[in-house]
Amino acid sequence: MTRREALPNLYAILDAVRWTSRRARPFIPALAFLLLLTYVIANARAGQALAQELSLIRAQGAPLSLSEAAPPPVPDDQNAALVYTQAFERLPRLGKEPTVAEPGGHRLAGADERVIDSFLSDDTRRQQAVTTEQVRQSLAGTDAALALVRHAAAMPRCRFPVNWEAGAGALFPHYPQLLTLSRLLGAHAILASMDAKPAGAVADDQAILGIARHILTDHVMIGDLIAYRCLSMARSSLRRSMEVAPLTEAPVSYTHLRAHETGRN
């Protein structure tokens, strides 16, 4: 028995395919041309529709590229970014730690950063791993820098030197610096409440909100995430501050403060 006899249905299908291909072969170039023409026409119409939509979006003032989303230029005497930079550079203990975003950058010294991060953590065990005295030591010498930060945060305009023309390759090395300054403000706010200075705690938390407001002017997703992180710090710091001394009441007594510190230490 031959294969054709053993598999008649299969060979019948193959014969039909061969017959169809022989008959259709002369029409294949015309069919390919028709498909190509259809694609070109559809692509041209889609391009025109997209151009019209982009024109409408641009007419409404919405940015269509990273360079168009760049904040407007700010004169040096009105630019909070320059004050933030001065504040960061005046921090007493900076450790050199190059990163991809900032090859020659600096950040808060490792020991101080660990203390501040633990102190601000929502995890009670991490909070209890550091003492109030350790936090005070980490904040020692930062008064001048934090004063500059509060001043910068209150300024209405801010623009850092970002290469917006780089598109997706644009770097934002100021974000880690602003996060560091926000952490220091948050820790300082909590200590201010412990020292019966609720007005100082409010000023620190307001400064964090000002930092977040300036970051949001960048109109980029990474900036939004950093700003929300700052807002989370402000929320946590305010909550912790009010646990020590409600901001709507008179300063708490020295006895209450000592009891709070004794319980933490």
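The protein chain holds 12 helices and two strands, where helices (H or I, at least four residues) and strands (E, at least two) are DSSP runs numbered from the N terminus. Along the sequence these elements follow the pattern α-α-α-α-β-β-α-α-α-α-α-α-α-α. The model is a predicted one, in which local features need pLDDT of at least 70 and side-chain atom pairs count only at pLDDT 80 or more, while totals for chains, interfaces and linings use all residues. Residues are numbered from 1 along each chain as its sequence is written, and side-chain values use heavy atoms, with hydrogens and water left out.

Of the 265 residues in the protein chain, 35% are buried, a word that here stands for under 20% relative accessible area, as against exposed for over 50% and partly exposed in between, with a 1.4 Å probe and protein chains only. Among the contacts in the protein chain with a separation of 6 or more, 70% join residues 24 or more positions apart, a contact being heavy atoms within 4.5 Å.

An α-helix has 3.6 residues a turn, so residues three or four places apart point the same way.

A234 lies in helix 11, and, leaving aside residues up to four places away in sequence, A234 touches D205, I208 and L209. A234 is buried, because its relative accessible area is 7%. The C-alpha atoms of A234 and A187, 47 residues apart along the chain, are separated by 9.9 Å.

C158 counts as buried at 9% relative accessibility, and C230 is buried with a relative accessible area of 0%. A search of the whole structure for disulfides finds zero, a disulfide being a pair of cysteine sulfur atoms within 2.5 Å.

The pockets come last. On a 1 Å grid over the protein atoms alone, a pocket is an open set of points where a 1.4 Å probe fits, with protein on both sides within 12 Å along at least five of seven lines, and lining residues have an atom within 4 Å of a point. The largest pocket has a volume of about 230 Å³, and its lining consists of D117, L120, S121, D122, R126, R183, R229, S232, M233, S236 and S237. Two or more of these residues come from each of helix 5 (110-120) and helix 11 (221-244), with helix 11 giving the largest share, five residues. By class the lining has two nonpolar, four polar and five charged residues, where Ala, Val, Leu, Ile, Met, Phe, Trp, Tyr, Cys and Pro count as nonpolar, Asp, Glu, Lys and Arg as charged, and the others, Gly among them, as polar.

The second largest pocket contains about 190 Å³ of space. Helix 7 (132-139) and helix 9 (174-194) each supply at least two residues of its lining, and helix 9 gives the most, with three residues.

Note on methods:
Points joined across faces, edges and corners; volume = space filled by probe spheres on them.
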